[in-house]
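Trainee: I have a new model to look at. Walk me through it, please.

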Amino acid sequence: MPIVSVIVPCFNVEKYLYKCVNRLLEQSFQDIEILLIDDGSTDNTGGLCDELSDRSEIIRAYHKDNGGLSDARNFGLRVANGKYIYFCDPDDYVENTLLSALTYDMESINADLSICSYYMEIVDNVGKVLSSQAYSLDENLFLLNQQKIREYLVYLHDQSLVYNAWNKLYKKEIIDKFNLKYKKIPIGEDWEFNLNYLLYCNRITVNKQCLYHYIRERSGALSTSYRSNWFELRKDEHKCVVEYFRMLGILSKGKEYLYRRLAERILGCLENEFSKLNTKSDKLKFAYIDKICRDALTQKAFANMQPTSMKVRLLSIPIRMNFTCLVYVMMFFISCVRNKFPVLFFVLKGHR
């Protein structure tokens with residue numbers, strides 16, 4: 001039985017899969033199995049999974065009908081044999097010490113969860129890094145009981161270290177014992193899983209080293225997705241997390257953070273209205289932006305948050321004043337920056 005099962009959900013990632021898997025094969029910690037879960041890809045991803053499996057005895061390829069990220073990860077959990085579980089996204093890559101560091105930290109104090117810091121990057125079409133931002137701590141953390149975990153949980157959220165799956169090592173025993181699975185929800189699958197997993201953690205380690213490279217965007221292949229119900233989804237997500245914080249007894253401590261997080265995501269909803277895939281007329285866009293700005297929860301979020309950047313501070317002023325015309329103009333300008341200067345856009349967005 002391997003110590004670590006690495007689950008890689010794969011869907012139409014033929015351009016990036018080799019680099020991801022080669023970095024996993026180069027790990028200094030080699031007591032692992034790599035599970036490539038082809039989630040009904042329509043390109044050559046499935047063939048590459050088989051090819052990579054033939055190259056190494058520690059790689060196993062599986063093929064399934066398309067069911068989405070959550071379904072692919074759950075499939076990986078069912079076939080995994082390791083003591084620990086690590087999830088890696090196939091269009092990102094890792095440092096060759098990631099698994100050794102996470103495993104060492106986990107076993108040094110018999111932790112239930114091991115977390116590492118990471119880089120968020122923008123790359124060009126040949127993989128050259130155009131922008132890199134570190135999400136890390138000044139020192140390693142060893143939280144040795146539930147009281148300490150709850151004491152630091154808001155801080156770890158605020159450092160963007162809780163949301164994602166790919167900077168964490170999990171105990172399979174906990175996942176199996178409490179039947180934890182990824183839910184098929186519109187947004188926040190990682191976060192929802194992590195919040196539930198944390199309920200059963202008594203010890204956590206957080207490593208200050210940036211060991212994962214999260215590719216936020218690839219220049220020339222920017223996301224143009226549009227969701228007409230993005231704002232409603234964000235409000236529902238906020239309400240769920242408020243209940244989770246209340247259940248843990250940390251709502252009072254985390255209230256400002258939650259309002260700030262919601263306000264920043266509402267700005268994303270406003271930006272979303274200028275997606276190229278939004279076919280609404282300018283009049284309807286304006287009306288929906290006005291609706292978002294005047295929503296009671298929007299006003300409450302912006303009234304109670306404390307901006308951490310000048311950009312958010314400036315953008316929040318017309319929203320608090322219900323000055324929809326200025327909000328519309330500012331968001332239109334931001335969308336132009338995104339289209340013409342994507343690297344600058346994501347650098348600024350990363351520093352919200």
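This is a predicted model: local features need pLDDT of at least 70, side-chain atom pairs count only at pLDDT 80 or more; totals for chains, interfaces and linings use all residues.

Mentor: One term before we start.

Trainee: Okay. Where is Asn179, then?

Mentor: Asn179 sits in the loop between helix 6 and helix 7. Its phi is near 50°, a positive value in a residue other than glycine.

Trainee: Is Asn179 buried or exposed?

Mentor: Exposed, at 54% relative accessibility. The cut-off for exposed is over 50%. Ser160 is not a glycine, yet has a positive phi of about 60°. Ser160 lies in the loop between helix 5 and strand 9. At 16% relative accessibility, Ser160 counts as buried, because buried means under 20%.

Trainee: Switching topic. How many residues of strand 1 are buried?

Mentor: 7 of the 7, residues 4-10, so strand 1 is largely enclosed by the rest of the structure.

Trainee: Which way do they point?

Mentor: Val4, Val6, Val8 and Cys10 point one way. Ser5, Ile7 and Pro9 point the other way.

Trainee: And how does strand 1 pair with strand 2?

Mentor: In the parallel sense, over 7 bridges. Strand 2 covers residues 32-39. Cys10 stands opposite Asp38 there. Between the two strands the chain passes through helix 1, residues 17-25, and this β-α-β crossover is right-handed.

Trainee: How many bridges join strand 1 to strand 4?

Mentor: There are 4 bridges, and those strands run parallel. Strand 4 is residues 84-87. The partner of Val4 in strand 4 is Tyr84.

Trainee: Now the rings. How many aromatic pairs are there?

Mentor: The count comes to 20. Take Trp166 and Tyr214, which are stacked, at 5.0 Å centre to centre with 25° between the planes. Trp166 is in the loop between helix 5 and strand 9, and Tyr214 is in strand 10, so the pair ties together parts that are 48 residues apart in sequence.

Trainee: How accessible are those two, Trp166 and Tyr214?

Mentor: Trp166 is buried, with a relative accessible area of 2%. Tyr214 is partly exposed, at 23%.

Trainee: What about Tyr182 and Phe193?

Mentor: Their ring centres are 4.2 Å apart and the planes are at 5°, so this pair is stacked. Tyr182 lies in the loop between helix 6 and helix 7, and Phe193 in helix 7, 11 residues apart. Tyr182 counts as buried at 3% relative accessibility. Phe193 is buried too, at 1%.

Trainee: Which residues form one aromatic cluster?

Mentor: Phe87, Tyr170, Tyr182, Phe193 and Tyr197.

Trainee: Last topic. How much space lies in the second largest pocket?

Mentor: About 410 Å³. The pocket is lined by 17 residues. Ile185, Glu192, Glu237, Cys240 and Val241 lie nearest its centre.

Trainee: Which elements give two or more residues to that lining?

Mentor: Helix 7 and helix 8. Helix 8 gives the most, with 7 residues.

Trainee: How does the lining divide into nonpolar, polar and charged?

Mentor: 11 residues are nonpolar, 2 are polar and 4 are charged.

Key:
Residues are numbered from 1 along each chain as its sequence is written. Side-chain values use heavy atoms; hydrogens and water are left out. Buried means under 20% relative accessible area, exposed over 50%, partly exposed in between (1.4 Å probe, protein chains only). Two strands pair if DSSP finds at least two bridges between them. A crossover is right-handed if, with the strands pointing away from the viewer, the path from the first strand over the helix to the second runs clockwise. On a 1 Å grid over the protein atoms alone, a cavity is a set of points where a 1.4 Å probe fits but cannot get out, and a pocket is an open set with protein on both sides within 12 Å along at least five of seven lines; lining residues have an atom within 4 Å of a point. Grid points are joined across faces, edges and corners, and a volume is the space filled by probe spheres set on the points. Ala, Val, Leu, Ile, Met, Phe, Trp, Tyr, Cys and Pro count as nonpolar, Asp, Glu, Lys and Arg as charged, and the others, Gly among them, as polar. Rings of Phe, Tyr and Trp (its six-membered ring) pair if their centres lie within 6.5 Å; planes under 30 degrees apart count as stacked, over 60 as edge-to-face and the rest as tilted.
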